Amino acid sequence: MRMRLCSIVAALAAAGVVGAIHADGAQAGWCWPSCSGHALLSPGTSTYNGCWYLGGEVCSGWNYWGVNGIDKQCYPRCDLYGYTQALVLYGFENGSTIRGRFTDYAGIFRIRPVDVSMGGYLRAQVNWWPYFDGRLSHTSLLQAASI
Amino acid sequence: MRGRTIVVLLASTTLLASAGVVAVTHAHGSPRAALFDFSTAGKPVELAPNSARAFRASSATLVAVREGRAFYRLVTADGVCFATGPGTDAGAIGGEECPPPGTFPSEARPLLDLSVYESDSHLGHAVRAFRLEGFAADGVATVALRSPSGRVSVRVPVSQNVFALHGVPATTVGSIVALDSSGQEVASLGR
């Protein structure tokens, strides 16, 4: 019985990784932390490449990006509806504005520059974000990929 | 023996969960049941080829067009996704959210907020709403923006299960809330 449970857990884990690669990574120009894995995005995380915020943000280099996508996992936990208690902003930024959508749910999310009324040379970004209602915004486990 | 205990526990949990779902979904006609419904069927549209590729979508249904924005339900390799795009270019997808199956719409999640938020400051995390848009369950009549102090700054009616507003007043956002037809709050998303 224990063996069978282990097999099910292993299969689910493998499916998650495959799903993440298929999200955008197969053809991505930028992936964080890589095109085949997820990592923790906390207030102290940075890609140290001049993102909008000094900490709590991962961002691509400057490019003419077509789509930015994230695969946000159930971390640190999910309720039955996928709520993770970990808020992020994902989207794009240029020299004067950062713009995007929020989510604190697990799932796949994609966004094009045109959907945030931006264009041209941009950075794709994902940010840890605090709540303003007193809740603690936890660390997210996610993969970001842009093409 | 330990394995048998696990099986019994799993079976009991599944039965209880199923009973709960049946009880809720059979509470037909109640305001609570309407939070599980999404009655706008929409109409099939052809996807722009680059959208089908980028969003791994095989088919699209146009749910509504509002405020110059198009709202879609997509069937994709990542499951059923809810998407937006420019209203003048049918089948061109600009963004999507693919919630885990069965989570939207629901009492705990009657609102799918695809609004766009922005900031021009590198200090702090205060944001303004650049554009309000998203999907809502049948039981949601209005979507409202609240400031961090709790003051309602904007109300947007929900129609055909979508909401949209351009030209949002430039106030700092604290949360976006879903209200039913009696004005009672049924969901609040911190921003």
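Which residue forms a disulfide with C31(A)? Select C35(A): the two sulfur atoms sit 1.9 Å apart. Keep in mind as you go that this is a predicted model. Look along the S-S bond and you'll find 90 degrees about it, a right-handed link.

Next, pick C74(A) and C78(A). They are joined by a disulfide with an S to S distance of 2.2 Å, and this link is left-handed, with -90 degrees about the S-S bond. C74(A) is partly exposed at 48%, and C78(A) is partly exposed too, at 26%. Along chain A, the bonded cysteines pair up as 1-2, 3-4, 5-6.

Now hop to chain B and select C81(B) with C98(B), whose sulfur atoms are 2.1 Å apart. The torsion here is about 100 degrees, so the disulfide is right-handed. This pair ties together distant parts of the chain, 17 residues apart: C81(B) lies in strand β4 (residues 79-86) and C98(B) in strand β5 (residues 95-98). Both cysteines are buried. Over all chains the disulfide count is 4.

Last stop: R99(A), in strand β6 (residues 98-105) of chain A. Is R99(A) buried or exposed? Its relative accessible area is 11%, under the 20% cut-off, so R99(A) counts as buried. Follow the side chain of R99(A) to the backbone oxygen of V116(A), at 2.9 Å. Then show what R99(A) touches: the list includes Y90(A), F92(A) and Q125(A), and from chain B, Y117(B), E118(B) and F130(B).

Methods
Residues are numbered from 1 along each chain as its sequence is written. Chains are lettered from A and ligands numbered from 1 in the order in which they are written. This is a predicted model: local features need pLDDT of at least 70, side-chain atom pairs count only at pLDDT 80 or more; totals for chains, interfaces and linings use all residues. Side-chain values use heavy atoms; hydrogens and water are left out. Helices (H or I, at least four residues) and strands (E, at least two) are DSSP runs, numbered from the N terminus. Buried means under 20% relative accessible area, exposed over 50%, partly exposed in between (1.4 Å probe, protein chains only). A polar contact is a pair of N or O atoms within 3.5 Å; within protein, one must be able to donate a hydrogen and the other to accept it, and residues adjacent in sequence count only if both atoms are side-chain atoms. Contact means heavy atoms within 4.5 Å. A disulfide is a pair of cysteine sulfur atoms within 2.5 Å. Lists of a residue's contacts leave out its neighbours within four places in sequence.
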